[in-house]
There are 4 protein chains.
Amino acid sequence: MEKIVVNQYKRPRLNNPVLIGGLPGIGNVGKIAAEYLIEKMKMEKLVDIFSQYFPPQVFIGEDGVVHLVRNSIYYKKIPKGKNDLLVLVGDFQGSTQEGQYELSYKILEFAQKLNVSALYTLGGYSTGKIVETPRVLGAVTGVEFVNLLEYYGVVFPKGEPGGGIVGSAGVILGMAMELFNIRGACLMGETSGYFADPKGAKELVKVLSLLLDVNVDIKELEERSKQIEQITEKMQEDVQGKNQPKDDLGYFG
Amino acid sequence: MEKIVVNQYKRPRLNNPVLIGGLPGIGNVGKIAAEYLIEKMKMEKLVDIFSQYFPPQVFIGEDGVVHLVRNSIYYKKIPKGKNDLLVLVGDFQGSTQEGQYELSYKILEFAQKLNVSALYTLGGYSTGKIVETPRVLGAVTGVEFVNLLEYYGVVFPKGEPGGGIVGSAGVILGMAMELFNIRGACLMGETSGYFADPKGAKELVKVLSLLLDVNVDIKELEERSKQIEQITEKMQEDVQGKNQPKDDLGYFG
Amino acid sequence: MEKIVVNQYKRPRLNNPVLIGGLPGIGNVGKIAAEYLIEKMKMEKLVDIFSQYFPPQVFIGEDGVVHLVRNSIYYKKIPKGKNDLLVLVGDFQGSTQEGQYELSYKILEFAQKLNVSALYTLGGYSTGKIVETPRVLGAVTGVEFVNLLEYYGVVFPKGEPGGGIVGSAGVILGMAMELFNIRGACLMGETSGYFADPKGAKELVKVLSLLLDVNVDIKELEERSKQIEQITEKMQEDVQGKNQPKDDLGYFG
Amino acid sequence: MEKIVVNQYKRPRLNNPVLIGGLPGIGNVGKIAAEYLIEKMKMEKLVDIFSQYFPPQVFIGEDGVVHLVRNSIYYKKIPKGKNDLLVLVGDFQGSTQEGQYELSYKILEFAQKLNVSALYTLGGYSTGKIVETPRVLGAVTGVEFVNLLEYYGVVFPKGEPGGGIVGSAGVILGMAMELFNIRGACLMGETSGYFADPKGAKELVKVLSLLLDVNVDIKELEERSKQIEQITEKMQEDVQGKNQPKDDLGYFG
């Protein structure tokens, strides 16, 4: 078999599309943000990507129907001459080193064919503790992006985010720059990293809606963020009441 | 070498064959059921599949002759215009992620060439404790299979089997659906998962004989199930008598 | 690069050659026997096999010159119309599952080109304790070999060697039988498995010299066996004297 | 994608170039020496090598710009008919066994195309303790190099460096010799191996400048060596003062 199989369902004509990549990762911040965009903007599925670089498994839906694990790209035509939108989401990142590179390359080949004009990969930046108001940190393919992104609230701290970005958010961006001449940035929402975190995702969506000049209602992400806050506050009280070490909070993402 | 080598021994003309897949897995339930069908229905070997995706080893038979590890497909022509039968069995599943996908794909290519009309992969569903009367749980390629299978006693519990099927029983089914347009289901016999379990296998064989409209004498599986029951009851008594922890039951599958 | 690179140095005309395989393994019994044959019979190197399936390293000789790790095949023309001889030795077996299959296949392709008439792979059979007089156990590609080998002292115990042969001694034999129609046997010298063991190797050489009808002086292997016996006896005395657990003997092979 | 992608930026005509390889390794001695040569000799970048054999990650620079991990080769034309110079450096060695071989092979193919006349791979030799005056140990593709290198102070101790060289410094040299007929040596600077060690690197640079007949100012490496000495002396005092075990020195390379 082909190591990566792309099933394309539509052939839309897209206007200078921007590609957003939101695969699972730290706190699932990027994935939550990307799926939120797809849902709120009623995006349509363009391709499914199946691959032996994903774990060999299916999920079973509520109706008993199996879902072979995959990555998918959705699209949305945006009126008034603005950039059209492509969003990459999926069940997994490539689960080997080779898989990370091959999948990123295949996605970029596809992006190039569609004349993608800019690329934003989304990720989480793990702070290791609960963050009240998560920042969005940035890394770019060239200094010309720094001012633009700072204008929309993205932070470029000296020395952070600690030297590197591991996984698809980094590799897609790095290969775009070196091998495809596609430019862009990685946007990382701060998160404790302990659980699937809508708060960091909410900040990513806010930055993206400014950057792409589209309107996205973030009410639902705000509600989910509040729920998570209440749960973690409750847990911290419990923990302090029982005098347990704080990192007993554990991992439930 | 080819990563997968298929040695085909026969060229039968088959009538809308149904493919049953029963490779080693949880409680070896699927494998026991598949091997039982082959033996009781006196099926003939169609192909051997050798591959570098299997562990590099041979088994030695009672006569001292080595057996290179493999998967095999057996066939049986069924009279009266019913569907002919293909059964996949083997010593191992592919032992890498790539191997799981490549072997599943190769088997499905072969199935497609033989015009396979439906696919049933067999597996075990681990309950983690001894089950008196194991159910057969189902997962399907489309909702049109649910009623048919429920009619033959297959259960589609909400929320079970816990989200996913890992390994060949899942991947073969998922790839059949997405890449080969072959339809079917995964049938999972409940099992403690602690040992090779003929009880779950017996339930699978009962469902299959109804589903395929063939007669399979299950007496031998009933006897093996009784033997296992006696052994596990004895062990539980010993365990309780001696006040040992219950999970001393151990793994001897 | 090619995954396996074969450098062939000679093009001798060989008469129905027999291939002996002695790569590193349990107690290095097969390797010691094979290297002993090469030295005592003054065999010449036919090919070097380099491969990315071996660990990425070089050894450094006494003269400071590096030796890239490899497998090699040596040959010897035997007079009086007897079978000529090929012996496979090396620094490592393939260090991945894929490597085990690919290297075995490449060696068998080469064997087939040279019209190899029979194959004997050598290995160790681990007894887990010191053996006074190691037996040579056998496994074969067909029952027709059993009588022949028993005649030369090879033992075919029921139920032993415990179900299987893992690694190149098994895979080369199994693939020879299924994919190349080359026939033969695996000969396993008993060994504690705790250290590189010339005693098991000596028994292998004795069987091989009968089987191939060649004269091999085994004096040197006898001396090395005696040295090892003295060392292990000394260690056992020390251990018993000091009341230490016997498995403190450890692994120094 | 190609498993290894070579982006070549220049096409200089080189005169019998010598290739120096200094990738990360024990004490990073080879890498520090190679990067020092590049900086002090103002070498220019010839190629970048990207590969799925490297970890899937980017580094982030002070300016926020991402750097996809890579190996690179720099060059310098040396006047007066001397050998021109090529230096290989990088963020990582290949991180799989296959990667080690494939990357080494690709680099040697490139070296062959440029008519490389000799090869020196650099590495560290771990002594496991602080060394006052590190020696440079050698391993060669042929005895004809021993006298030459001993003349420049390289040591060929009997029995050392302990049998083998693991990783790219060994594999590049071994493959150069066996598959490309390129000759040379591996030069290993002694180091504790506990941290990135400029002292061993300094000794490598001294030998190389003699060997290549080029002038390299080693003042800066001397200063960095002194700083490291002061730090480790301070740590040893602290350790002894506090009666802590000596290996608390730890790993901070």
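The following legends describe close-up views of a predicted model.

In this predicted model, local features need pLDDT of at least 70 and side-chain atom pairs count only at pLDDT 80 or more, whereas totals for chains, interfaces and linings use all residues. Residues are numbered from 1 along each chain as its sequence is written, chains are lettered from A and ligands numbered from 1 in the order in which they are written, and side-chain values use heavy atoms, with hydrogens and water left out.

**View 1. Packing of helices α2 and α4 in chain B.** Helix α2 (residues 97–113) and helix α4 (residues 168–179) of chain B have axes that come within 9 Å and cross at roughly 55°. Helices are DSSP runs of H or I with at least four residues, numbered from the N terminus; axes are lines fitted to C-alpha atoms over the stretch in contact, and angles run from 0 to 180 degrees between N-to-C directions. Angles under 35 degrees count as roughly parallel, over 145 as roughly antiparallel, 65 to 115 as roughly perpendicular and the rest as oblique; α2(B) and α4(B) are therefore oblique to each other. On the α2(B) side, B:Q100, B:Y101, B:S104, B:Y105 and B:L108 are in contact (heavy atoms within 4.5 Å) with B:S168, B:V171, B:I172, B:M175, B:A176 and B:L179 of α4(B). By class, this contact has eight nonpolar, three polar and no charged residues, where Ala, Val, Leu, Ile, Met, Phe, Trp, Tyr, Cys and Pro count as nonpolar, Asp, Glu, Lys and Arg as charged, and the others, Gly among them, as polar.

**View 2. The interface of chain B with chain A.** Contacts involve 29 residues of chain B and 25 residues of chain A. The buried area, which is the accessible area (1.4 Å probe) that two parts lose on being put together, summed over both, is about 2,200 Å², and carbon and sulfur atoms give 61% of this. B:Q97, B:Y101 and B:E178 supply 29% of the area that chain B buries against chain A, more than any other three residues.

View 3. The term denotes a side-chain nitrogen of Lys or Arg within 4 Å of a carboxyl oxygen of Asp or Glu. Between chain B and chain A the count is two salt bridges.

**View 4. Chain pairs without contact.** Chain A and chain C are joined by no contact, and their closest C-alpha atoms lie 16 Å apart. No contact joins chain B and chain D, where the closest C-alpha atoms lie 16 Å apart.

Notes:
Helices (H or I, at least four residues) and strands (E, at least two) are DSSP runs, numbered from the N terminus.
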